[in-house]
Amino acid sequence: MKKTAIIFILFSAVWGSLFTSSILSGLGTTPLPISKDTKIMFASILPQGWGFFSKSPRDSLLGMHTANAESLDVLFPTMRMENALGLYRKGRSQGVEMGALSMQISKKDWKKCKNNSLEDCESLAKKITLNNKAPSPLLCGEYFFTKEEIVPWSYFKYSDSGTEIKEIVRADVKCFKK
């Protein structure tokens, strides 16, 4: 029993010091000084850093909406009842495809929208064609790609969707099944 307690304390001390040191090396100037060499060492051991956890909640979002009934349904975000609260994983694959398709949209194709709702912005959208090169495509047909901003929490109750559409493009997504 005593041996197990000693191993637990040593294990906790090692991992606790690693965790604390990685946080301190990721911060800027702090009252606890860490040498530049130590910061470089932790950046090489833990390259992810802590920036992953501090993404700005005000960053814009990429959205995708079906443009007509012939298009395959968009199943994300995955935390919806239609996706069994995330257990149905097809929506996650669609998110990857959406990202790959969005890389084909040039900056000049996006049209600004001032009215903030999809219905108001649809007529402004420029129509383009995209090729879905996925081996088993899940997104085929016409879609609206949108750049959306999250409504600040203090105004959320005055918003219908929680986001405002700032830019839009209409894409005819062509699928080539292999």
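Visitor: Is Glu 142 buried or exposed?
Guide: Glu 142 is buried, because its relative accessible area is 12%. Buried means under 20% relative accessible area, exposed over 50%, and partly exposed in between, with a 1.4 Å probe and protein chains only.

Visitor: What sort of model is this, and how are residues numbered?
Guide: This is a predicted model, where local features need pLDDT of at least 70, side-chain atom pairs count only at pLDDT 80 or more, and totals for chains, interfaces and linings use all residues. Residues are numbered from 1 along each chain as its sequence is written, and side-chain values use heavy atoms, leaving out hydrogens and water.

Visitor: OK, back to Glu 142. Which residue forms a salt bridge with Glu 142, with the closest N and O atoms 2.7 Å apart?
Guide: That's Arg 170. A salt bridge here is a side-chain nitrogen of Lys or Arg within 4 Å of a carboxyl oxygen of Asp or Glu. Arg 170 sits in strand S5 and Glu 142 in strand S4, 28 residues apart. Strands (E, at least two residues) and helices (H or I, at least four) are DSSP runs, numbered from the N terminus.

Visitor: And what does Lys 127 pair with?
Guide: Lys 127 forms a salt bridge with Glu 142 too, with 3.1 Å between the closest N and O atoms. Lys 127 is in strand S3 and Glu 142 in strand S4, so this pair ties together parts 15 residues apart in sequence. Shared partners join Lys 127, Glu 142 and Arg 170 into one network.

Visitor: How many salt bridges turn up in the whole structure?
Guide: Six. One of the pairs is Glu 167 with Lys 112, at 4.0 Å between the closest N and O atoms.

Visitor: New topic: which residues touch the most other members in the largest nonpolar core?
Guide: Met 64, Ile 105, Leu 130, Tyr 143 and Phe 145, out of 15 residues. Such a core is a set of buried Ala, Val, Leu, Ile, Met, Phe, Trp, Tyr and Cys residues joined through side-chain atoms within 4.5 Å.

Visitor: Which element gives the most to this core?
Guide: S5, with three residues.

Visitor: What does Tyr 143 touch?
Guide: Leaving aside residues up to four places away in sequence, its contacts include Met 64, Leu 72, Val 169 and Arg 170. Contact means heavy atoms within 4.5 Å.

Visitor: Last one: is Phe 11 buried or exposed?
Guide: Phe 11 counts as exposed, because its relative accessibility is 54%. Phe 11 is in helix H1, residues 2-26.
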